[in-house]
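Dear colleague,

I am handing over the structure we spoke of, and below it you will find my notes on what I found. Please read them with the coordinates open beside you.

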Amino acid sequence: GLFADVNVPPLAEADIAALRTASGLDWSAIDPSIFGTLFERGLDPAKRAQLGAHYTDPATIARLVEPVVTRPLLAEWAVAREGVAAALAKSKKHGDKAWQQAQAGFVGFLERLKHYRVLDPACGSGHFLLSAARRLADEVALHRAAAEREGGAPTPADYRHALRDVVSRCIYGVDKNPMAIQLAKTALWLEAYSPDRPLSFVDHHLRVGD
C-alpha cells in the first residue's frame with residue numbers, strides 16, 4: 001500500500017538531475033532503522049511526548065532484545081543441546097538410530113526458532129522488531145547451516161534466507177499511527193529484500209490499530 005496513491009510533484013530540470021545523481025549512488029549501507037528518525041521528525045513536536053513516540057537508539061534496543069529474545073532462546077537451546085549431545089554420545093555411526101535422534105532434536109529446535117513470535121504492541125517505525133528479526137535470523141542461519149552441513153558455518157546467503165523466514169513468520173506489530181506502520185513495513189522489507197527473490201515475498205504481520 002505504500003504506493004497505492006501516487007501524487008507526482010512537478011519536477012524541474014534540476015530536480016530530475018538530482019534524482020539521477022541519487023539513483024547512481026550506493027545505498028546499501030543505509031540502515032533501515034533510519035526510518036525511526038524520519039517518523040519522529042514527521043510528528044507534531046508538541047505531541048511527541050504525549051504519544052511516547054521517540055526514536056530509540058540501537059544500544060537501548062540491544063539491551064531490550066538480549067533479555068527478552070536472545071537469553072530465553074539460548075536457555076532453551078542449552079536444554080535441547082544436552083539431548084543432542086547425549087544422543088550423539090550413543091551413536092556408533094552416521095545415520096544410526098541415536099544419530100537420527102540427535103538430528104531430530106537439532107531440527108526440532110530449528111522449527112522452534114521458525115515458529116517463535118515477537119510482538120511489539122506499540123511498534124512505531126519498527127526499530128525493536130527490526131533488531132529482534134536480525135537476532136532471530138542469526139540463530140536460524142546458524143542452526144540451519146549446522147543441520148544441512150555438519151559443522152558448517154552459515155554463509156551470507158543462509159542469513160538472507162533466514163531473515164526472510166523470520167520477517168515473514170515471526171514478526172508482529174501494532175501501532176495506532178498509519179504512517180508508523182508503513183515505515184515499519186518498509187524497513188523490514190528493505191532489511192530482508194533480496195534481488196533474486198520476488199518482491200512480494202511477505203505479508204507483514206503489522207497492523208494499524210489500538
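I begin with Glu139, which has its place in helix α6, the helix of residues 127–148; please bear in mind throughout that this is a predicted model. Although Glu139 carries a charged side chain, the residue is buried, because its relative accessible area is 12%, and the cut-off for buried is under 20%. The side chain of Glu139 makes a polar contact with the side chain of Arg135, at 3.1 Å. Leaving aside residues up to four places away in sequence, Glu139 touches Leu74 and Leu113.

In helix α6 there is also His143, which counts as buried because its relative accessible area is 3%. Which residues does His143 touch, not counting those up to four places away in sequence? They are Trp77, Phe106, Phe109, Leu110 and Leu113. With Phe106 in particular, His143 has a C-alpha to C-alpha distance of 7.7 Å, while the two are 37 residues apart in sequence.

Helix α4 covers residues 58–90 and helix α5 covers residues 97–114, and the two pack at an angle of about 165 degrees with their axes 7 Å apart. That angle makes α4 roughly antiparallel to α5, because angles over 145 degrees are counted in that way. In passing α5, α4 makes a left-handed crossing. On the side of α4, the contact is made by Leu73, Glu76, Trp77, Ala80, Val84, Ala87, Leu88 and Lys90, and on the side of α5 by Ala98, Trp99, Gln101, Ala102, Gly105, Phe106, Phe109, Arg112 and Leu113. Sorted by class, this contact between α4 and α5 comes to 12 nonpolar, two polar and three charged residues. Trp77 of α4 and Phe106, Phe109 and Leu113 of α5 take part in this contact, and these residues are also among those that His143 touches.

Two further residues of α5 deserve a note. Gly108 has its place in helix α5 and counts as partly exposed, because its relative accessibility is 38%. Gly108 lies 28 residues from Ala80 in sequence, and their C-alpha atoms are 8.8 Å apart in space. Val107 lies in helix α5 as well, and it too counts as partly exposed, because its relative accessibility is 34%.

Helix α7, of residues 156–169, packs with α8 at an angle of about 155 degrees, and their axes are 9 Å apart. That makes α7 roughly antiparallel to α8. The residues that make the contact are Tyr159, Arg160, Leu163, Arg164 and Val167 of α7, together with Leu188, Leu190, Glu191 and Ala192 of α8. By class, the contact of α7 with α8 has six nonpolar residues, three charged ones and no polar ones.

Within helix α8, which covers residues 178–192, is Thr186, and this residue counts as buried because its relative accessibility is 14%. The side chain of Thr186 reaches the backbone oxygen of Gln182 at 2.8 Å.

Lys176 is found in the loop between β2 (171–175) and α8. Is Lys176 buried or exposed? It is exposed, because its relative accessible area is 60%, and the cut-off for exposed is over 50%. Not counting residues up to four places away in sequence, Lys176 touches Val208, Gly209 and Asp210. The C-alpha atoms of Lys176 and Gly209 are separated by 4.8 Å, although these residues are 33 residues apart along the chain.

Of the 210 residues in the chain, 36% are buried. Among contacts between residues at least 6 apart in sequence, 71% join residues at least 24 apart.

With kind regards

Key:
Residues numbered from 1 in each chain as written. Predicted model: local features only at pLDDT ≥ 70, side-chain atom pairs only at ≥ 80, totals over all residues. Heavy atoms only, no water. Axes fitted to C-alpha atoms, helices over the stretch in contact; angles between N-to-C directions. Helix = DSSP H or I, 4+ residues; strand = E, 2+ residues; numbered from the N terminus. Parallel < 35°, antiparallel > 145°, perpendicular 65-115°, else oblique. Left-handed = near helix turned anticlockwise from the far one by under 90°. Contact = heavy atoms within 4.5 Å. Buried < 20%, exposed > 50% of the residue type's maximum accessible area, 1.4 Å probe, protein only. Polar contact = N/O pair within 3.5 Å; in protein donor to acceptor, adjacent residues only side chain to side chain.
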